[in-house]
Amino acid sequence: MDLTVWMITESGNVFVMLPFSVVLLIIRRTRRIGMTLLILLVISTILTGYIKCGVDRDRPFMTWDGTELPVKIEPDSFSLFCEGKSWTAGFPSGHAARAAMFAFVLVYALSERFPRWCNLIWLYPILICFSRVYILQHYPLDVIGGTVLGIFLAGIVSNKLKLHQIFASSKT
């Protein structure tokens with residue numbers, strides 16, 4: 001179970017999501033989706049880093065009773081702009097923000113083609129949020145804040161980049 005949760009939590013890392021976005025950017029039909037995801041990756045990473053500096057809420061830093069996790073978990077420390085110990089701040093969760101924005105954009109992109117099944121994509125951010133709390137990297141409010149931030153950013157950027165026009169032009 002621990003290894004599965006570790007794999008889920010690591011899938012929310014920037015360096016895992018970046019190649020996925022680049023592949024979508026290279027493919028002609030999904031270029032606008034890839035561009036949206038890349039822009040969102042940059043914005044959310046920088047914004048969560050600055051918010052972490054401002055809020056400066058500590059991570060749980062609890063220890064496991066019994067056995068340790070089979071792999072070492074690194075905190076999402078893109079709040080390197082901070083001074084002192086703020087670089088380990090936990091609110092909001094960057095993993096949760098990235099997972100929520102990916103889900104938002106993909107559901108938005110796939111809703112016309114797969115109206116029933118596209119909502120299963122929302123399981124991904126739910127699993128990421130659960131895994132971040134499970135591995136003791138965040139409190140529940142951290143992942144809720146990250147999810148809200150990710151959905152908010154994805155909505156704004158998708159609207160500004162007119163992501164909906166892809167689907168209107170493909171119907172004709």
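Colleague: How many helices and strands does the chain have?

Modeller: This is a predicted model. The chain has seven helices and zero strands. From the N terminus on, the order reads α-α-α-α-α-α-α.

Colleague: What percentage of the 172 residues in the chain is buried?

Modeller: Buried residues make up 42% of the chain.

Colleague: Which residues touch the most other members of the largest nonpolar core?

Modeller: That core has 17 residues. Ile-33, Leu-37, Leu-40, Met-101, Phe-102 and Val-105 touch the most other members. At least two core residues come from each of helix 2 (14-26), helix 3 (31-55), helix 4 (94-110) and helix 6 (140-160). Helix 4 gives the largest share, five residues.

Colleague: Take Leu-37. Which residues is Leu-37 in contact with, leaving aside its neighbours within four places in sequence?

Modeller: Leu-37 is in contact with Phe-20, Ser-21, Leu-24, Met-101, Phe-102 and Val-105.

Colleague: Now the helix pairs. How are two packed helices described?

Modeller: By the angle between their axes and the distance between the axes. Here, helix 4 and helix 6 pack at about 40°, and their axes are 7 Å apart. The crossing is right-handed.

Colleague: Which residues make the contact?

Modeller: Helix 4 uses Ala-96, Ala-97, Ala-100, Met-101, Phe-104 and Val-105. Helix 6 answers with Val-143, Gly-146, Thr-147, Gly-150, Ile-151, Ala-154, Gly-155 and Ser-158.

Colleague: How many residues of this contact are nonpolar, polar and charged?

Modeller: Nine are nonpolar, five are polar and none is charged.

Key: Residues numbered from 1 in each chain as written. Predicted model: local features only at pLDDT ≥ 70, side-chain atom pairs only at ≥ 80, totals over all residues. Heavy atoms only, no water. Core = buried A, V, L, I, M, F, W, Y, C linked by side-chain atoms within 4.5 Å. Buried < 20%, exposed > 50% of the residue type's maximum accessible area, 1.4 Å probe, protein only. Helix = DSSP H or I, 4+ residues; strand = E, 2+ residues; numbered from the N terminus. Contact = heavy atoms within 4.5 Å. Axes fitted to C-alpha atoms, helices over the stretch in contact; angles between N-to-C directions. Left-handed = near helix turned anticlockwise from the far one by under 90°. Nonpolar A, V, L, I, M, F, W, Y, C, P; charged D, E, K, R; others polar.
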